[in-house]
Amino acid sequence: MLNDFWESFFKFLRTHLNEISMAYIATVFSIFGDDILKQIRKKTKKENFFVRLAIFIAICAFGFGMLTSFFGRLLSHFISGFDNLFILIIILGLFIIAGIIAEEKRQL
């Protein structure tokens with residue numbers, strides 16, 4: 001019975017690996033997004049408002065969106081090559097690391 005539970009759990013985990021990977025990448029961008037935007041703000045502060053607005057929209061909508069999609073698929077593909085137990089350890093480890101970084105950046 002316990003074996004059936006683990007098999008179902010890991011099947012569920014593998015089925016949702018893309019979503020889990022995208023969630024992790026989105027978490028990383030939420031942690032570091034402010035730093036990225038500060039750097040962009042420094043480089044574009046002399047531009048007029050509409051140019052800065054267009055750059056902001058492009059970075060947020062297209063840049064972060066496309067990077068999240070690309071790196072999410074890449075991470076999912078990388079993780080899927082491991083055994084079930086290692087997948088669980090990797091996923092938990094990645095989110096724990098993200099939580100520790102967020103805590104260090106005073107975002108928790």
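**Entry 1**

I began with L13: leaving aside its neighbours within four places in sequence, L13 is in contact (heavy atoms within 4.5 Å) with I20, I87, L88 and I91. I note that this is a predicted model, in which local features need pLDDT of at least 70 and side-chain atom pairs count only at pLDDT 80 or more, while totals for chains, interfaces and linings use all residues. Residues are numbered from 1 along each chain as its sequence is written, and side-chain values use heavy atoms, with hydrogens and water left out.

I then looked up the largest nonpolar core, which has 17 residues. I took a nonpolar core to be a set of buried Ala, Val, Leu, Ile, Met, Phe, Trp, Tyr and Cys residues joined through side-chain atoms within 4.5 Å. Buried means under 20% relative accessible area, exposed over 50%, and partly exposed in between (1.4 Å probe, protein chains only). L13, I87 and I91 have the most contacts inside this core. At least two of its residues come from each of helix 1, helix 2, helix 3 (49–80) and helix 4. Helix 2 gives the most, with 7 residues. Helices (H or I, at least four residues) are DSSP runs, numbered from the N terminus. In soluble globular proteins, nonpolar side chains tend to be buried together.

**Entry 2: Salt bridges**

How many salt bridges does a search of the whole structure find? I recorded 2, where a salt bridge is a side-chain nitrogen of Lys or Arg within 4 Å of a carboxyl oxygen of Asp or Glu. Side chains of opposite charge can pair when their charged atoms come close.

I looked up K38 and D34, whose side chains meet in a salt bridge at 3.5 Å, N to O. Both residues lie in helix 2 (residues 17–44), 4 residues apart, about one turn of the helix. K38 counts as partly exposed at 40% relative accessibility, and D34 is partly exposed with a relative accessible area of 38%.

I next looked up D35, which forms a salt bridge with K105, with 2.5 Å between the closest N and O atoms. D35 lies in helix 2 and K105 in the segment after helix 4 (84–104), so the pair ties together parts that are 70 residues apart in sequence. D35 is partly exposed at 31% relative accessibility; K105 is partly exposed too, with a relative accessible area of 30%.

**Entry 3: W6**

I located W6 in helix 1 (residues 2–15). Is W6 buried or partly exposed? I found W6 partly exposed, with a relative accessible area of 36%. W6 and L37 are 31 residues apart in sequence and 42 Å apart in space, C-alpha to C-alpha.
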